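Have a look at what's on the screen and I'll talk you through it.

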Amino acid sequence: MLLKELREQVVFYGNQMIKSQLTMNTGGNISARDRKSGLIAIKPTSKHYELLKPEDITVIDIDGNIIEGGYKPSSEWRMHAAIYKKYPRVCGIVHCHSIYATAMAVADEEIPLINHELCMYCSEPVRVMPFAMPGTDQLGDSALEGMAVGNNVALLKNHGTVAMGASLWHAFDAACALEQAANAYFIAKQMGKVHVLPEEGRNKLRTYDPLMGEDTGGEGEIRAV
Ligand SMILES: [Zn+2]
């Protein structure tokens with residue numbers, strides 16, 4: 001079986017997405033890229049995360065051709081491929097419809113850098129990109145434009161979120177950080193006080209790797225952009 005380890009990661013983090021309430025039912029999608037071959041292990045379309053086994057994960061090339069697997073790739077494979085093409089060091093992508101972050105995307109409200117988790121993945125406030133139809137190249141363009149300010153995450157208007165990282169671990173961590181920040185920001189706004197992190201702290205956090213010294217093969221930097 002091709003990309004056995006990455007397929008196992010897609011299954012594991014897919015289940016984590018459900019458990020962490022980053023998505024529901026079959027919504028959202030995740031993928032991991034193999035650094036050596038460039039092949040991508042991606043969630044198959046319209047399948048329940050909890051029922052997926054590693055062999056169910058679809059392996060595609062950067063053009064969307066199925067290399068191994070019995071199911072069609074996620075309908076958002078074009079967005080994944082566009083991100084991998086632009087960022088050679090990115091090897092993990094999470095796209096989800098988590099509630100508070102999606103609410104910000106609906107309200108067209110960018111998320112300021114209010115906590116340390118988000119600052120590890122963003123250089124600028126998280127932007128809301130104009131609406132694009134799901135499954136299109138335009139959605140990929142929106143995601144890329146949103147992250148082009150030096151962020152690992154972006155908000156897709158009236159849709160959800162996208163997060164990328166040096167590994168699927170990082171991408172999932174970034175998606176969690178975004179949802180947590182959106183939730184906290186929503187509450188802080190009700191309280192009438194929102195303070196962003198001081199610039200010095202933001203700059204230090206942006207180059208900090210949350211794996212904290214774990215061996216990432218020298219490729220673990222979260223910045224990956
Ligand atoms: Zn979606």
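So, what do the buried residues of α5 pack against? They pack against α2 (77–86), β6 (128–129), β7 (153–156) and β8 (160–165). The helix α5 itself covers residues 137–147, and its buried residues are Leu 139, Gly 140, Ser 142, Ala 143, Leu 144, Gly 146 and Met 147. Helices here are DSSP runs of H or I with at least four residues, strands are runs of E with at least two, and both are numbered from the N terminus. Buried means under 20% relative accessible area, exposed means over 50%, and partly exposed is in between, with a 1.4 Å probe and protein chains only.

Quick housekeeping. This is a predicted model, so local features need pLDDT of at least 70 and side-chain atom pairs count only at pLDDT 80 or more, while totals for chains, interfaces and linings use all residues. Residues are numbered from 1 along each chain as its sequence is written, and side-chain values use heavy atoms, with hydrogens and water left out.

Which protein residues are donors of the zinc ion? They're His 95, His 97 and His 159, each through NE2, lying 2.0 Å from the ion. In sequence, that's a spacing of H-x1-H-x61-H. Donors are N, O and S atoms within 2.8 Å of the metal (3.2 Å for Na, K and Ca), and water is not among the atoms, so sites may look incomplete. His 95 is buried, at a relative accessible area of 1%, whereas His 97 is partly exposed at 29%.

Next, Met 104, in helix α3, residues 99–107. Met 104 is buried, with a relative accessible area of 4%. Leave aside its neighbours within four places in sequence, and Met 104 is in contact with Glu 109, Ile 111, Val 128, Leu 155, Ala 182, Tyr 185 and Phe 186. Contact means heavy atoms within 4.5 Å.

Phe 186 sits in helix α6, residues 168–191, and it's partly exposed, with a relative accessible area of 37%. Together with Ile 187 and Met 191, Phe 186 makes a nonpolar surface patch of about 320 Å². Patches are made of residues with over 30% relative accessible area and no salt bridge; like charges are joined within 9 Å, and nonpolar side chains (Val, Leu, Ile, Met, Phe, Trp, Tyr) within 5 Å. The areas come from Shrake-Rupley with a 1.4 Å probe, and for residues only the protein chains shown count as cover.

Now salt bridges. How many turn up in a search of the whole structure? There are 6. The criterion is a side-chain nitrogen of Lys or Arg within 4 Å of a carboxyl oxygen of Asp or Glu.

One of them joins the side chains of Arg 7 and Glu 68, at 2.7 Å, N to O. Arg 7 lies in helix α1 and Glu 68 in strand β4 (residues 66–68), so the pair ties together parts that are 61 residues apart in sequence. Arg 7 counts as buried, at 1% relative accessibility, while Glu 68 is partly exposed at 27%.

Another links Asp 108 and Lys 157, at 3.6 Å, N to O. Asp 108 is in the loop between α3 and α4 (116–119) and Lys 157 in the loop between β7 and β8, so this pair ties together parts 49 residues apart in sequence. Asp 108 counts as partly exposed at 44% relative accessibility, and Lys 157 counts as partly exposed at 24%.

Then there's Lys 204 with Glu 200, whose closest N and O atoms are 3.6 Å apart. Both lie in helix α7, residues 199–206, 4 residues apart, about one turn of the helix. Lys 204 and Glu 200 are both exposed.

Last up, backbone angles. Gln 21 isn't a glycine, yet has a positive phi of about 60 degrees. Gln 21 is in the loop between α1 and β1 (29–33) and counts as exposed, at 64% relative accessibility. Asn 158 also has a positive phi, near 55 degrees. Asn 158 is in the loop between β7 and β8, and is partly exposed with a relative accessible area of 44%.
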